[in-house]
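I am opening a notebook on this structure. I will look things up piece by piece and write down what I find.

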Amino acid sequence: MQIQVHTDRHIPSDERLAEFIRDTLQTKLSRFADHLTRVEVHLSDENGQQKNDGNDKRCLLEARFEGLDPVAITEHAATVSQAITGAADKMQRKLSSVVGKLRDKHVRAPNADYAEPDEVVNS
């Protein structure tokens with residue numbers, strides 16, 4: 001699973017932040033790692049340097065599953081680390097839901113090798 005991190009000009013990107021993101025995503029999304037090709041992380045401070053209060057830190061996660069459309073979620077929080085952790089939790093739940101729906105679809109699909117037996121009529 002490849003992880004790409006993008007930040008706006010108000011959030012300093014350094015190795016410590018990248019390591020925190022990698023550790024958090026690998027912990028939360030490890031069960032999907034074989035099927036995820038890439039996870040993009042977009043961090044931004046929606047108020048810039050104007051205000052320091054409120055939930056103005058945004059983390060958008062976009063996960064790309066093999067053979068499926070990308071899945072995206074957004075989390076707002078007071079700090080960057082809270083936004084990342086919250087987004088990872090949301091993504092974990094979202095991917096669990098996607099996998100569950102795929103399993104249900106697979107289980108409910110008609111089996112081409114199985115044919116209903118002809119009805120036997122006793123005389």
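Before checking a helix length, I note the rule: the expected span of a helix is 1.5 Å times one less than its number of residues. I also keep in mind that the model is predicted.

**Entry 1: the helix**

I applied the rule to helix α1. Its 15 residues should span 21 Å at 1.5 Å a residue, and the end C-alpha atoms are 21 Å apart, so the two values agree.

Next I asked which residues of α1 are buried. I found L17, A18, I21, T24, L25 and L29. Viewed down the axis of α1, the buried residues fall within an arc of 135 degrees, so they line one face of the helix.

Where does α1 lie? Helix α1, residues 15–29, lies across β1, β2 and β3. It runs at about 130 degrees to β2.

**Entry 2: the sheet**

I then looked up the strand order. Four strands form an open sheet, ordered β1-β2-β3-β4, with mixed pairing. The edge strands are β1 (2–7) and β4, and each pairs on one side only. On average, neighbouring strands of this sheet are turned by 15 degrees against each other, direction ignored.

I reminded myself that strands of a sheet pair through backbone hydrogen bonds, either parallel or antiparallel.

I stayed with β3. How many of its nine residues are buried? Seven are, so strand β3 (residues 57–65) is largely enclosed by the rest of the structure.

I looked at the β2 side. Strand β2, residues 36–45, pairs with β3 in the antiparallel sense over nine bridges. In this pairing, L36 stands opposite F65 of β3.

Then I looked at the β4 side. Seven bridges join β3 to β4 (residues 71–77), and these two strands run antiparallel. The bridge partner of C59 is E75 in β4. L61 stands opposite I73, also in β4.

I checked the connection too. β3 and β4 form a hairpin with five residues between them. In the turn, G67 has a positive phi of about 75 degrees.

**Entry 3: L60**

L60 is in strand β3. Is L60 buried or exposed? The cut-off for buried is under 20% relative accessible area. L60 has 19%, so it counts as buried.

I listed its contacts, leaving out residues up to four places away in sequence. L60 touches E40, V41, H42, I73 and T74. I also looked up a distance to I84. L60 and I84 are 24 residues apart in sequence, and their C-alpha atoms are 8.5 Å apart in space.

**Entry 4: the aromatic rings**

I searched the whole structure for aromatic pairs and found one. F32 and F65 form this pair, and it is edge-to-face. The ring centres are 6.4 Å apart, with 80 degrees between the planes.

What does the pair tie together? F32 lies in the loop between α1 and β2, while F65 is in strand β3, so the pair ties together parts that are 33 residues apart in sequence.

I checked burial for both. F32 is buried, with a relative accessible area of 2%. F65 also counts as buried, at 8% relative accessibility.

Methods:
Residues are numbered from 1 along each chain as its sequence is written. This is a predicted model: local features need pLDDT of at least 70, side-chain atom pairs count only at pLDDT 80 or more; totals for chains, interfaces and linings use all residues. Side-chain values use heavy atoms; hydrogens and water are left out. Buried means under 20% relative accessible area, exposed over 50%, partly exposed in between (1.4 Å probe, protein chains only). Two strands pair if DSSP finds at least two bridges between them. Axes are lines fitted to C-alpha atoms, for helices over the stretch in contact, and angles run from 0 to 180 degrees between N-to-C directions. Contact means heavy atoms within 4.5 Å. Rings of Phe, Tyr and Trp (its six-membered ring) pair if their centres lie within 6.5 Å; planes under 30 degrees apart count as stacked, over 60 as edge-to-face and the rest as tilted. The arc is that of the directions from the helix axis to the C-beta atoms.
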